[in-house]
Amino acid sequence: GGSLRLAVDDGLLRVDSREVRTEAGTITAGGEIGLIAARSGTLRLAARGDSLTALRPVFFPDDAALTDEARPGLGGRLAFDATAEGSLAAGFGLRGTLRLDDALFARTRADAAGLDFDAGGLRIDSTGLRTDSLRLRLAAHGDSVRFGRQLLYRIDAGLQYAAPAGSLHASAGGPGGRAYRLRGQLEHFAEGLRIELAELGIDVGTGHWSLAGPARLTASAHHLDIADFRLVAAGDTGVIDATGRLAWGDVPMPPATMASADPAARVPLAGIPLPGDSLTVPAPPPDTLAFRLSLRRVAIGDFLSIVQEEAAAHGQLDGSVEVSGTSRSPRINAELSLDEVASGDVRLDRVETRFDYSDQLLLARFTARRAGRPVLAGEGRIPLDLGFRAMDERRLARPLGFSIWADGLPAAVVTAAIGGFRDVRGTVDGTIVVGGTA
């Protein structure tokens, strides 16, 4: 119960110091802040919560139909304090702290987490909140953070920003010598954000990965451009290269340009110059995809260790993934091979896969070899819409078909995929052919 009393007086918004009690905790506010350029003040806000479970309808409004096991978790204790100073019209600052203890959100737990923030250069006008003069400092930390079965002892992250540029850093450490580092610069521009990564380090077990040099990322609401991203394992034993553009969503198309005042941009037809303005050289459509990922001697156990307490599989991955076309109609071609595969009791010499997708049809085939000969192979045609945009259903009501063939395949390969089996012996032989409509 309780209420907050607001009043506008002589260019100030006044809030009487009151305490409001809710199921989630208490909120206290008091003070004043300027509404016009000539008036300023100080407004304080505090919130305390002993059980965040009461906020479940706010964060997860649609989980009532889920079973208890499937429901995302929410819990912990909260303490929030903030102070706003200045005038909404002329400029104001906002600083404060957020603390969480025994926090649970979805599948992530933390013994403790916190955020310190200090923002300045904010103001409100007829267009809304203005941040073109924003100054911002953020410092976040987490202690004993667990994502599923992965534990990190400590996470620290920070951001320093003075419009339009700033810097960011993050680090984390976990058991078994796991360590992660990130450091870079960022710049805001009208359409999005540019980030130059100076450092990206991943230490997991015996794997030590780092950037070969600065990498550049440019992001907007509908696309991401990646340049000079090369992640290298210590001793040059593995390399990951990524470059190009990814686009997603319903990308707005610019209107066609039919004229140009720049003579250099004029396009003659059949070598005959046109008088006056003519068609301009078109830029690539904004929904164009042109991305390539290259993998050489990548130890998959290193990267599985990022999300698993112990890597469930080991092997050396080589290959490439190329994405072209448009966000609505992409073309995806992937060719990958995994050598010296080991997962539990399973041992395979080599697994080769190829995927080709275009025109809403995925073609896939794979071969697994053991003791120098094929023991498992398969191929299929699956109708899907893999457009880079949100949709309710990606399966298409069109004919599909796939077949899988096994000859001397260790039964442990099959049971490892199913789970719940131990000390499995024997081999699998046979063919499975499936056809129909998705």
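In which loop is Gln360 found? In this predicted model, Gln360 lies in the loop between β21 (346-358) and β22 (361-370). Although Gln360 is not a glycine, its phi is positive, at about 60 degrees. Gln360 counts as partly exposed because its relative accessibility is 27%.

A positive phi is also found at Ala106, where the angle is near 60 degrees, again in a residue other than glycine. Ala106 belongs to strand β6 (residues 91-106). With a relative accessibility of 26%, Ala106 is classed as partly exposed. A further backbone feature is the cis peptide bond from Ala163 to Pro164, for which omega is near 10 degrees. Pro164 is placed in the loop between β10 (150-162) and β11 (165-173).

Asp241 is located in strand β17 (residues 239-247). Its relative accessibility is 19%, and Asp241 therefore counts as buried, the cut-off for this class being under 20%. Beyond its neighbours within four places in sequence, Asp241 is in contact with Phe229, Arg230, Arg292, Leu293, Ser294 and Arg296. With Arg296, the contact includes a polar one between the two side chains, at 3.3 Å.

On the surface, a nonpolar patch is formed by Phe402, Ile404, Ile432 and Val434, which together have about 290 Å² of accessible area. Two or more residues of this patch are given by each of the strands β24 (399-410) and β25 (427-437). Ile404, one of the patch residues, is part of strand β24. The relative accessibility of Ile404 is 31%, so Ile404 counts as partly exposed.

Definitions and conventions:
Residues numbered from 1 in each chain as written. Predicted model: local features only at pLDDT ≥ 70, side-chain atom pairs only at ≥ 80, totals over all residues. Heavy atoms only, no water. Helix = DSSP H or I, 4+ residues; strand = E, 2+ residues; numbered from the N terminus. Buried < 20%, exposed > 50% of the residue type's maximum accessible area, 1.4 Å probe, protein only. Polar contact = N/O pair within 3.5 Å; in protein donor to acceptor, adjacent residues only side chain to side chain. Contact = heavy atoms within 4.5 Å. Patch = residues over 30% accessible without salt bridge, like charges linked within 9 Å, V, L, I, M, F, W, Y side chains within 5 Å. Areas by Shrake-Rupley, 256 points an atom, 1.4 Å probe, with all protein chains shown as cover. Salt bridge = Lys/Arg side-chain N within 4 Å of Asp/Glu carboxyl O.
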